[in-house]
Number of protein chains: 2
Amino acid sequence: MSTTTTLFESVSQLMNKIKDIQATISLLGWDQEVNMPTGSAPARAEHISTLSSISHELITNDSAKSLFEDAKSHLDSYSGTEKRLLTLFIEEFEQNIVLPMQLIKDTAKARALGQTAWRQAYHDSDYSLFQPYLQRLLDLKIEAAEHIGYKEHRYDAMLDNYEKGATVTLLTPIFEELRQGTIELLQEVDSKKEYVNRDFLHRTFEPVKQLSFAKQMSERLGFDFNKGRIDLSTHPFCTSFSPIDVRITTRVSEDKFHSCFFGVIHETGHALYEQGVNQEIARTFAGGGSSLGIHESQSLFWENYVCRSEEYWMYAFPILKKEFPDQFYNVNLEQFFKAINKISTSLNRVESDEITYNLHIILRFEIEKGLFEGSIRTEDIPEIWNTKMNEYLSVVPENDKQGCLQDVHWSFGGFGYFPTYTLGKLYGAMFWNQINKDIPKTKDMIAQGNFTDILQWLRTNIHQYGRLKTPQEIVKDVTGRPLTATDFLEYAKNKVTKVYGA
Amino acid sequence: MSTTTTLFESVSQLMNKIKDIQATISLLGWDQEVNMPTGSAPARAEHISTLSSISHELITNDSAKSLFEDAKSHLDSYSGTEKRLLTLFIEEFEQNIVLPMQLIKDTAKARALGQTAWRQAYHDSDYSLFQPYLQRLLDLKIEAAEHIGYKEHRYDAMLDNYEKGATVTLLTPIFEELRQGTIELLQEVDSKKEYVNRDFLHRTFEPVKQLSFAKQMSERLGFDFNKGRIDLSTHPFCTSFSPIDVRITTRVSEDKFHSCFFGVIHETGHALYEQGVNQEIARTFAGGGSSLGIHESQSLFWENYVCRSEEYWMYAFPILKKEFPDQFYNVNLEQFFKAINKISTSLNRVESDEITYNLHIILRFEIEKGLFEGSIRTEDIPEIWNTKMNEYLSVVPENDKQGCLQDVHWSFGGFGYFPTYTLGKLYGAMFWNQINKDIPKTKDMIAQGNFTDILQWLRTNIHQYGRLKTPQEIVKDVTGRPLTATDFLEYAKNKVTKVYGA
């Protein structure tokens with residue numbers, strides 16, 4: 001037994017070391033976005049590159065390899081948390097050695113070139129400038145998929161990278177149901193001919209007051225400012241150096257009240273997840289969120305299910321009106337609720353409402369799937385994009401900038417990333433239904449501005465585990481059901497009825 | 001020749017790696033003082049400890065040892081910068097392996113205990129609570145000195161650690177001349193019976209405006225805010241992650257104008273040094289200042305020699321009056337100049353003026369020297385302290401808090417650190433005399449607010465070299481003379497005449 005004890009301790013120490021380095025790299029990244037003077041970029045790139053290579057060396061060197069071999073052969077003598085941590089170590093090791101060094105270098109180069117080409121193509125709104133670089137990235141990722149391996153579909157190797165257990169077979173029927181249901185819902189909205197006014201969200205809101213209100217509301221939900229911060233940056237994000245040091249950022253526009261507020265609440269959802277991970281596993285590979293999809297479910301849980309509800313604004317609207325009396329003097333609760341839930345098809349993914357958003361993702365999922373199975377060529381992306389946009393959302397981009405060049409993800413070869421956004425919505429709806437079963441007074445508590453039990457429920461059922469459970473295990477353990485689109489569609493239907501009438 | 005080329009490249013790569021880690025540790029430290037939520041301290045301690053141990057491992061492992069042996073045996077086939085960099089690598093390696101691991105661990109423990117005991121003793125104003133811990137630290141440092149080695153005096157091993165080349169033999173006669181000269185100067189000031197009023201420096205100055213004024217003046221001296229920042233922290237400091245990322249901090253008191261302003265200028269002096277290091281050597285062991293003493297000479301050069309001069313305020317006082325019209329409405333340039341140069345003996349080192357300050361340092365130097373040669377026992381420090389305070393400054397502390405417990409340095413075993421403060425003053429005076437010889441219009445340029453040529457002179461003669469030169473080499477190369485107290489005493493005499501009359 002002493003051998004196996006020593007093995008676990010050695011693996012733990014290695015994980016601690018690597019997690020500390022990764023936390024430090026996160027700080028370097030946070031500082032770069034929040035504080036760093038622009039002229040300092042070259043030095044920062046060197047610091048990050050050096051720490052990344054040290055981290056990579058630690059997980060792939062001879063000593064790690066011998067721990068990996070030990071762990072593989074003794075895994076069955078472990079159970080529970082220890083077994084799961086050893087498994088995560090084994091996976092991390094395999095992930096770091098599975099790709100040949102030449103492929104890693106080629107991909108890094110193709111990413112750098114891809115991002116530059118994408119920026120130029122986006123600027124010129126000319127997809128043809130980007131296409132050869134995207135093709136190169138796709139070829140390299142297909143090669144990577146063959147090294148990584150997959151059971152059924154080559155694209156699975158990409159999906160699994162961002163969302164453990166996600167496959168084409170699992171997602172395709174669910175996304176098809178979601179697509180159909182959403183398109184029908186949009187037809188229903190259209191048929192109501194109800195105009196929702198949201199002009200008052202574009203009145204003038206002093207940035208300092210916006211921030212202070214958002215911060216107050218974030219704290220009320222449970223964000224612990226003794227173990228976290230909020231700052232300004234160009235793009236909002238959440239980063240965690242440890243459950244006791246979690247930082248979020250936001251941006252503020254004077255004439256877009258909803259942008260800063262819901263941005264902060266969204267990042268607060270991510271942050272509450274990170275702050276809730278059990279401190280005992282913080283410095284292991286189980287520290288941090290289970291997957292991108294589960295992470296997104298937590299940000300959306302608070303942003304949409306809680307903070308876009310009527311009940312939430314029964315509590316928060318009086319406070320908001322006190323903070324911004326001039327801006328909302330002629331707006332009532334119902335008008336405000338409708339405004340922040342207005343459904344309107346957009347050409348742009350990030351500007352979409354919570355319901356049409358999924359159609360943007362499904363479109364990208366279908367294209368990526370086609371690229372990896374060879375049924376779609378990179379040359380044909382703009383045409384397919386525009387056709388699908390018309391079919392799903394009844395809008396057609398006038399040019400590539402408005403269309404297939406709008407996202408940065410493909411420029412760094414991030415195939416398989418997009419679906420996690422929609423998975424977050426689906427998980428979120430399932431959790432939302434479950435908490436309302438487990439705690440029938442959930443909505444009453446929200447209306448009273450009391451979020452303690454809700455956060456506690458998330459902590460107990462999801463947050464504390466970090467990556468000790470896979471996404472599908474969490475969904476199963478929390479809801480007793482496998483992944484489904486039904487909960488989301490039901491939620492969406494209810495929302496449409498509330499905003500546009502029965 | 002190909003062998004030696006490879007050696008230099010390998011050493012360079014190792015230095016780059018270690019410097020990047022050290023820069024990252026500096027960022028972790030900066031963030032801790034400037035941004036970090038208080039509850040995050042335990043995680044931060046782990047991150048710093050992990051990175052420190054990785055850095056230590058890299059400089060002491062077998063691969064470093066073999067480079068060290070190669071470098072030692074091939075050193076003579078190198079010259080110039082390459083030779084100096086290899087020498088710095090050899091020194092760094094030796095410094096990291098010279099102490100037995102047990103002594104390092106014992107010292108770390110004694111430092112932790114020492115700091116806790118000192119805080120308690122300081123709080124209770126009772127030196128006896130601290131004395132046993134100080135004795136333990138002294139014993140360990142004496143043991144360290146024996147490992148490090150020294151030619152004449154055991155205390156030299158401590159001095160050399162903070163200021164390469166500083167020895168008891170070098171410093172003793174210079175410090176004695178300085179002590180005598182300063183005491184005589186104080187008697188002269190006393191005999192003038194001239195009262196200098198500085199009450200107006202304690203009027204109410206809005207913090208935001210103080211900061212903005214100090215920042216403006218810092219930028220005017222040459223601080224590049226595209227490659228640096230200024231923030232608030234409890235204790236002012238300067239830290240550098242690279243010459244293109246240098247950050248200073250300050251504190252602001254509403255009723256102490258001089259504290260924030262001269263604090264910022266002092267740290268600006270440090271920052272200009274760091275920003276001026278040749279980018280080519282930034283990621284080597286020559287990146288950063290030559291020594292603590294030379295660093296201090298740069299902060300004091302700007303703080304005292306430039307920004308406490310009459311000429312500087314001929315330029316800056318009109319700007320200051322515009323910024324703070326109410327506070328200075330009845331103050332003229334002469335009154336202001338005298339106020340910021342008032343000489344008044346203090347019990348406290350950090351509250352001292354630029355002239356009496358050295359007496360505080362010399363007192364500590366004499367006690368430390370005595371402790372290391374065995375002529376002073378730790379038990380006797382308070383008595384010796386008070387006697388010397390009376391003799392040098394004609395003031396006697398009423399208790400240990402006001403006396404020998406006022407500084408934190410001894411609580412972490414920082415023997416040999418204090419003298420670098422006074423060395424900074426002496427170097428600074430020598431550089432000041434030299435620049436006035438090399439650029440006779442120096443004072444005129446200051447009076448016009450034109451600092452370009454002054455900064456260029458410092459860059460050319462001092463900054464660019466980083467640690468490519470030792471402190472004594474810099475002094476010799478810049479002034480053609482060895483270290484002396486004469487320049488400082490002459491400068492002090494002039495200042496006294498200007499403020500208190502001939």
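This is a predicted model: local features need pLDDT of at least 70, side-chain atom pairs count only at pLDDT 80 or more; totals for chains, interfaces and linings use all residues.
Modeller: Two strands pair if DSSP finds at least two bridges between them. Helices (H or I, at least four residues) and strands (E, at least two) are DSSP runs, numbered from the N terminus.

Biologist: In strand 3 of chain A, which residue is the bridge partner of Asp231(A)?

Modeller: Thr249(A) is the partner of Asp231(A). Strand 1 and strand 3 (residues 245–250) of chain A pair over 5 bridges, in the parallel sense.

Biologist: Is strand 1 of chain A enclosed or open?

Modeller: Of its 5 residues (228–232), 4 are buried (under 20% relative accessible area; exposed is over 50%, partly exposed in between, with a 1.4 Å probe and protein chains only). Strand 1 of chain A is therefore largely enclosed by the rest of the structure.

Biologist: Over to chain B. What is the strand order in its sheet?

Modeller: The order is 1-3-2, in an open sheet of 3 strands with mixed pairing. Strand 1 and strand 2 (238–242) are at the edges with a single partner strand each, so each has one side without a neighbour in the sheet.

Biologist: Which way do strand 1 and strand 3 of chain B run?

Modeller: They run parallel, joined by 5 bridges, and Leu232(B) stands opposite Thr250(B) of strand 3. Strand 2 of chain B runs antiparallel to strand 3, with 4 bridges. Thr239(B) has Arg247(B) in strand 3 as its bridge partner.

Biologist: And which helix packs on that sheet?

Modeller: Helix 10 (residues 257–276) of chain B, which touches strand 1, strand 2 and strand 3. Its direction makes about 165 degrees with that of strand 3 of chain B.

Biologist: Different topic. Where is Phe205(B)?

Modeller: Phe205(B) sits in the loop between helix 8 and helix 9 of chain B. Its relative accessible area is 0%, so Phe205(B) is buried.

Biologist: What is Phe205(B) in contact with, leaving aside neighbours within four places in sequence?

Modeller: Its contacts (heavy atoms within 4.5 Å) include Phe200(B), Phe257(B), Phe324(B) and Phe328(B). Gln210(B), Glu254(B) and Gln327(B) are also on that list. Gly222(B) is 17 residues from Phe205(B) in sequence, and their C-alpha atoms are 25 Å apart.

Biologist: What about phi of Lys193(B)?

Modeller: Phi is near 55 degrees for Lys193(B), which is positive and not a glycine. Most residues other than glycine have a negative phi. Lys193(B) is in the loop between helix 8 (168–192) and helix 9 (207–221) of chain B, and it counts as exposed because its relative accessibility is 76%.

Biologist: And Ser394(B), buried or exposed?

Modeller: Exposed, at 59% relative accessibility. Ser394(B) is in the loop between helix 15 (381–393) and helix 16 of chain B, with a positive phi near 60 degrees.

Biologist: At what angle do helix 16 and helix 19 of chain B pack?

Modeller: About 20 degrees, between helix 16 (residues 419–438) and helix 19 (residues 471–479) of chain B, with the axes 10 Å apart. Tyr427(B), Met430(B), Phe431(B) and Gln434(B) of helix 16 meet residues of helix 19 including Ile474(B), Val475(B) and Val478(B).

Methods:
Residues are numbered from 1 along each chain as its sequence is written. Chains are lettered from A and ligands numbered from 1 in the order in which they are written. Side-chain values use heavy atoms; hydrogens and water are left out. Axes are lines fitted to C-alpha atoms, for helices over the stretch in contact, and angles run from 0 to 180 degrees between N-to-C directions.
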